[in-house]
Amino acid sequence: MKQRALLLVNPHARRGKEAQMQSVEQLQALEFELLQASAENPQYLPQIIRQYRQQVDLVIISSGDGTVNAAIEGLLDTQLPLGILPSGTANNLARSLKIPRSLPAACKIIAAGKIRPIDLGSVNRKYFFNVAGLGLSAQINRRVPKAWKRRFGVLAYAAVALQVLWQAQPFEAEIRWNNQSTQVKTFQITVCNGRYYGSGLVVAEDAAIDHQRLDLYSVKTQQWWEMLALLPAIVQGKKVPGVLTLQGKEINIYTKEPNLIDTDGELTTTTQAQFRVIPRALPVFVP
C-alpha cells in the first residue's frame with residue numbers, strides 16, 4: 001500500500017526548483033503518493049499541514065532550516081512524521097540527524113521508515129529545532145538579503161558578518177540555569193537544541209538533538225578580534241578558557257536593553273528570554 005505524503009517545497013530555497021523536480025521523481029519512484037503544496041510563504045505552513053492531516057501519512061519538507069522551523073506548530077498539532085530533504089543554505093537540522101545533502105539518499109531514508117522522536121527548543125514560546133542566538137547572529141540574520149542567501153549561500157553570511165563585526169559592541173547579560181547565575185560580557189550567546197549551528201559549528205562535543213537538554217555557548221571577549229584565537233575551539237565546541245559553556249533544561253537570559261533573538265535563522269523575539277527544552281516532541285525520519 002502506497003504511503004500518502006504531503007510534499008512541501010520552498011521554490012526560493014538554495015536548490016528550490018531543482019530540488020522540487022528531483023524530489024518528486026525520486027519519491028514517486030519509491031512509490032509514495034504525493035500531494036504537493038508550496039512553502040513559498042512559510043507563515044502558512046502550519047495551516048496547510050492541518051488542512052491535509054486526514055489525507056496523508058507523513059509530511060516531507062524540501063527546504064532549509066528556516067522553512068522547516070516555520071512548520072513546527074502544524075507538525076506538533078498533527079504529530080505527522082517529518083521527512084527532511086535538505087535544500088537550503090545551512091541545513092543544520094539534517095546535519096544533526098545525519099541526513100545527507102544528496103536528495104536521492106535523503107528520499108531513501110524516508111522510504112526506509114525509521115522514525116525517531118526528537119526534542120524541540122523554545123524561547124519565549126517560539127520553537128526551534130537547532131539554535132537560538134542573540135548578539136552577532138541576530139544582527140547578521142537581520143542584515144543578510146534573502147536574494148543573497150539564495151544566490152551565494154554561506155558566502156552571503158560571511159560577507160555580512162565582516163560588516164557586522166567591524167561595528168559590533170559587546171553587551172552584558174545575566175544567565176540563570178539550574179539554580180545558578182553568572183554575568184557575561186560578550187558579542188554572542190548561542191543556545192542549541194541540536195548539535196550544529198551556523199555553518200556546521202558544533203555547540204558541544206556530546207550534543208545531540210534528543211539528549212533532553214539545551215547547550216549554551218558564549219565567547220567572553222572585550223574585543224571582537226579576540227574571538228579569532230578561539231576559532232578552532234568554537235568550530236569543535238570545545239571547552240577552553242574564555243568560552244562559557246553550560247547545559248540545562250531551562251535557561252533564562254536577562255539584558256538591560258532588549259536584544260533581538262533569532263531562532264533557526266529567523267528573527268522571532270527579544271530578551272528577556274526564557275529558554276526550555278521540550279523532550280521527544282516530534283517524530284522524524286532518520287537513517
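Helices (H or I, at least four residues) and strands (E, at least two) are DSSP runs, numbered from the N terminus. The model shown is predicted: local features need pLDDT of at least 70, side-chain atom pairs count only at pLDDT 80 or more, and totals for chains, interfaces and linings use all residues. Residues are numbered from 1 along each chain as its sequence is written, and side-chain values use heavy atoms, with hydrogens and water left out.

**View A. Glutamine 79 in a loop between a helix and a strand.** The loop that holds glutamine 79 runs between α4 (72-78) and β4 (82-86). Glutamine 79 is not a glycine, yet its phi is positive, near 60°. Its relative accessible area is 39%, so glutamine 79 is partly exposed. (Buried means under 20% relative accessible area, exposed over 50%, and partly exposed in between, with a 1.4 Å probe and protein chains only.)

**View B. Arginine 125 in a loop between two strands.** Here the loop connects β5 (115-123) and β6 (126-128). Arginine 125, another residue other than glycine, has a positive phi near 70°. Arginine 125 counts as exposed because its relative accessibility is 77%.

**View C. Strand β16 and its pairing partners.** Two strands pair if DSSP finds at least two bridges between them. Strand β7 (residues 131-135) pairs with β16 (residues 260-263) in the antiparallel sense, over 3 bridges; alanine 132 has threonine 263 of β16 as its bridge partner. β16 also pairs in the antiparallel sense with β17 (residues 266-270), over 4 bridges, and aspartate 262 is bridged to leucine 267 in β17. β16 and β17 form a hairpin with 2 residues between them, and aspartate 264 in the turn has a positive phi of about 50°.

**View E. Leucine 244 in strand β14.** β14 spans residues 243-248. Leucine 244 has a relative accessible area of 12% and is therefore buried. Its C-alpha atom is 7.7 Å from that of leucine 216, 28 residues apart along the chain.

**View F. Arginine 95 and the ring of tyrosine 196.** The charged end of arginine 95 sits over this ring, 5.8 Å from its centre. A charge sits over a ring if NZ of Lys or CZ of Arg is within 6 Å of the ring centre and within 35 degrees of the ring normal.
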